[in-house]
Amino acid sequence: MVLLLTLSLFGCEGARNNSSWSTAKPGDAIQPPLTTSDQDKVATSTAPSTTTPPPATATEGTSGRGVGPVDHVDVASLDAARAMKGAEIFTTKCSACHKLDERYIGPALKDVTKRRTPEWICNQILNPENMIQQDPTAKALLAEYIAPMANQHLTRDEAESILAYFLQHDADTPAHAEDEHDDAAHGAGESK
């Protein structure tokens, strides 16, 4: 019975995350591509979101990249084909706990690439156990959401494909939609 419930959750919820926002074809670059200055903004951004904790900042023992095997991600190598692969992996492995546009068991992942560095995102995917023990942002997320992130035992290539999916989704998010989302969150009485 539990197995059937789990399978139906993946089937129903996975369909919600296969958004129709992407019109990209394999081989297309993620539009707009992240420039070096965009990557620097992600790494140094400190503006807190109304629905998520502030981005990781450099503190003793951390560099904003998190804790784990990933110390650099070549964002320029991530194309639409990788994003499509990442969408499939996200639907299969992540959608039971995460949604793109809404809080669920875990945080909403819309604009995660604007709040966290590519390295932090990949380390969180690949190394969640050590992240929640050693990274201040991951610790804060655990405190807020209570449930620790499950290690899905993905490869680095799979983690980078999910990152490509997030980058593409975040690039397709209009700026005014973010403002409307923030206004709705304030109206609903959310404090985080």
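The model is predicted, so local features need pLDDT of at least 70 and side-chain atom pairs count only at pLDDT 80 or more, while totals for chains, interfaces and linings use all residues. Residues are numbered from 1 along each chain as its sequence is written, and side-chain values use heavy atoms, with hydrogens and water left out.

## The chain as a whole

The chain has 9 helices and 0 strands. Helices (H or I, at least four residues) and strands (E, at least two) are DSSP runs, numbered from the N terminus. Along the sequence the pattern reads α-α-α-α-α-α-α-α-α.

Of the 192 residues in the chain, 40% are buried. Buried means under 20% relative accessible area, exposed means over 50%, and partly exposed lies in between (1.4 Å probe, protein chains only). Contact means heavy atoms within 4.5 Å. Among contacts in the chain with a separation of 6 or more, 80% are between residues 24 or more positions apart.

## Helix H5

How many of the 9 residues of H5 are buried? The count is 9 of the 9, so H5 is largely enclosed by the rest of the structure. The buried residues include Trp 120, Asn 123 and Gln 124. Cys 122 has a relative accessible area of 0% and is therefore buried.

Gln 124 lies in H5 and counts as buried at 10% relative accessibility. Leaving aside neighbours within four places in sequence, Gln 124 is in contact with Met 131, Ala 138 and Met 149.

Two packed helices are described by the angle between their axes and the distance between the axes. Here axes are lines fitted to C-alpha atoms, for helices over the stretch in contact, and angles run from 0 to 180 degrees between N-to-C directions. Angles under 35 degrees count as roughly parallel, over 145 as roughly antiparallel, 65 to 115 as roughly perpendicular and the rest as oblique.

Helix H5 (residues 118-126) packs with helix H8 (residues 156-171) at an angle of about 130°, and their axes are 9 Å apart. H5 and H8 are therefore oblique to each other. On the H5 side, the residues that meet H8 are Pro 118, Ile 121, Cys 122, Ile 125 and Leu 126. On the H8 side, they are Arg 156, Ala 159, Glu 160, Ile 162, Leu 163 and Phe 166. By class, this contact of H5 with H8 has 9 nonpolar, no polar and 2 charged residues. Ala, Val, Leu, Ile, Met, Phe, Trp, Tyr, Cys and Pro count as nonpolar, Asp, Glu, Lys and Arg as charged, and the others, Gly among them, as polar.

H3 also packs with H8: their axes come within 7 Å and cross at roughly 105°. That makes H3 roughly perpendicular to H8. The contact of H3 with H8 has 10 nonpolar, 3 polar and 5 charged residues. Residues of H3 that meet H8 include Ala 83, Ile 89, Phe 90 and Cys 94. Among their partners in H8 are Glu 160, Ile 162 and Phe 166.

## Residues in the loops

Gly 106 lies in the loop between helix H3 (80-94) and helix H4 (112-115). Leaving aside neighbours within four places in sequence, Gly 106 is in contact with Cys 97, His 98 and Tyr 145. The C-alpha atoms of Gly 106 and Glu 144 are 9.2 Å apart, although 38 residues separate them along the chain.

Asp 111 is also placed in the loop between H3 and H4. Asp 111 is not a glycine, yet has a positive phi of about 65°. His 153, in the loop between helix H7 (136-145) and H8, has a positive phi of about 55° and is not a glycine either.

A search of the whole structure finds 0 disulfides, a disulfide being a pair of cysteine sulfur atoms within 2.5 Å. Cys 97 is in no disulfide, and the nearest cysteine sulfur, that of Cys 94, is 8.7 Å away.

The table lists the accessibility of four of these residues.

| Residue | Relative accessible area | Class |
|---|---|---|
| Gly 106 | 7% | buried |
| Asp 111 | 11% | buried |
| Cys 97 | 33% | partly exposed |
| His 153 | 65% | exposed |
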